[in-house]
Amino acid sequence: MSDPVRLVAIQETPLDVSEVLDALGDAGAGGLTLFVGQVRDHDGGQGVAALGYSAHPSALDRLRDVCEQVAAAHDVRGVAAVHRVGQLQVGDLAVVVATTAAHRGDAFEASRALIDTLKAEVPIWKHQVFADGSEEWVGTP
């Protein structure tokens, strides 16, 4: 089987779920689990007025490392992860991750590990501006 890490990207342009699904096409995969994270209009009980993501120069390499770790730790056939940076609006897609496996349980476990590890280890930071004018950085060291 070819390299299971099929798509890894950090981009300023809008994310496209079909691009992720297309990258993971595999006749041997019985399960594909997709997670889409989108910008919501609130956080911590406050209305969100604006949101932006910034990435450290090492973020793409780190994202690839996370994808490779998940592929090595789970019985998957394919792994994909794409994260958006720049200014986003409520409803915009911020992250899309997916995995394929011969069986659904493996795909579910791997996708959960992928998004959780991405959020914990990839240096991408969220800057939120709330409706009251206050600001917050999330995920910074």
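Val90 is partly exposed, since its relative accessible area is 48%. That residue belongs to the loop between strand 6 and strand 7, and it makes a handy way into this structure, which is a predicted model.

- Setting aside residues up to four places away in sequence, Val90 touches Val39, Arg40, Asp41 and Val48.
- How accessible is Gly91? Its relative accessibility is 40%, so Gly91 counts as partly exposed.
- Once neighbours within four places in sequence are left aside, Gly91 is in contact with Gln38 and Val39. Val39 turns up on the contact list of Val90 as well.
- Gly91 and Phe108 tell another story: they are 17 residues apart in sequence, with 24 Å between their C-alpha atoms.

- Step into strand 7 and you find Ala94.
- Is Ala94 buried or exposed? Ala94 has a relative accessible area of 4%, and buried means under 20%, so Ala94 is buried.
- Beyond its neighbours within four places in sequence, Ala94 is in contact with Leu15, Gly37, Gln38, Tyr53, Val82, His83, Arg84 and Leu88.
- Gln38, for one, is listed for Ala94 and also for Gly91.
- Pro14 is 80 residues from Ala94 in sequence, yet their C-alpha atoms are 8.4 Å apart.

**Strands and how they pair**

- Strand 1 spans residues 5-11, and 5 of its 7 residues are buried, so strand 1 is largely enclosed by the rest of the structure.
- Which way do strand 1 and strand 5 run relative to each other, parallel or antiparallel? They pair in the parallel sense over 6 bridges, with strand 5 made up of residues 78-84.
- Within that pairing, Val5 stands opposite Val79 of strand 5.
- At the other end of the numbering, strand 8 (residues 124-130) and strand 9 (residues 135-138) run antiparallel and are joined by 4 bridges.
- His127 stands opposite Trp137 in strand 9.
- The hairpin of strand 8 and strand 9 has 4 residues between the strands, and Gly133 there takes a positive phi near 95°.
- If you're looking at side chains along these elements, keep in mind that in a regular strand they alternate between the two faces of the sheet.

- Ser58 is found in the loop that links strand 4 (46-55) to helix 2 (59-73).
- With a relative accessibility of 31%, Ser58 counts as partly exposed.
- Ser58 and Gly28 are 30 residues apart along the chain, and 33 Å separates their C-alpha atoms.

**The chain as a whole**

- What does the chain contain in the way of helices and strands? It has 3 helices and 9 strands.
- Their order along the sequence is β-α-β-β-β-α-β-β-β-α-β-β.
- The radius of gyration is 16 Å, close to the 14 Å that the globule rule gives for 141 residues, so the chain is as compact as a globular protein of that length.
- Along the principal axes, the C-alpha atoms fill a box of roughly 50 × 25 × 25 Å.
- Of the 141 residues in the chain, 40% are buried.
- Take the contacts between residues at least 6 apart in sequence: 73% of them join residues at least 24 apart.
- The chain's accessible surface is about 7,400 Å², and carbon and sulfur atoms account for 49% of that.

Note on methods. Residues numbered from 1 in each chain as written. Predicted model: local features only at pLDDT ≥ 70, side-chain atom pairs only at ≥ 80, totals over all residues. Heavy atoms only, no water. Buried < 20%, exposed > 50% of the residue type's maximum accessible area, 1.4 Å probe, protein only. Helix = DSSP H or I, 4+ residues; strand = E, 2+ residues; numbered from the N terminus. Pairing = 2+ DSSP bridges. Rg over C-alpha atoms; globule rule 2.2 N^0.38 Å. Contact = heavy atoms within 4.5 Å. Areas by Shrake-Rupley, 256 points an atom, 1.4 Å probe, with all protein chains shown as cover.
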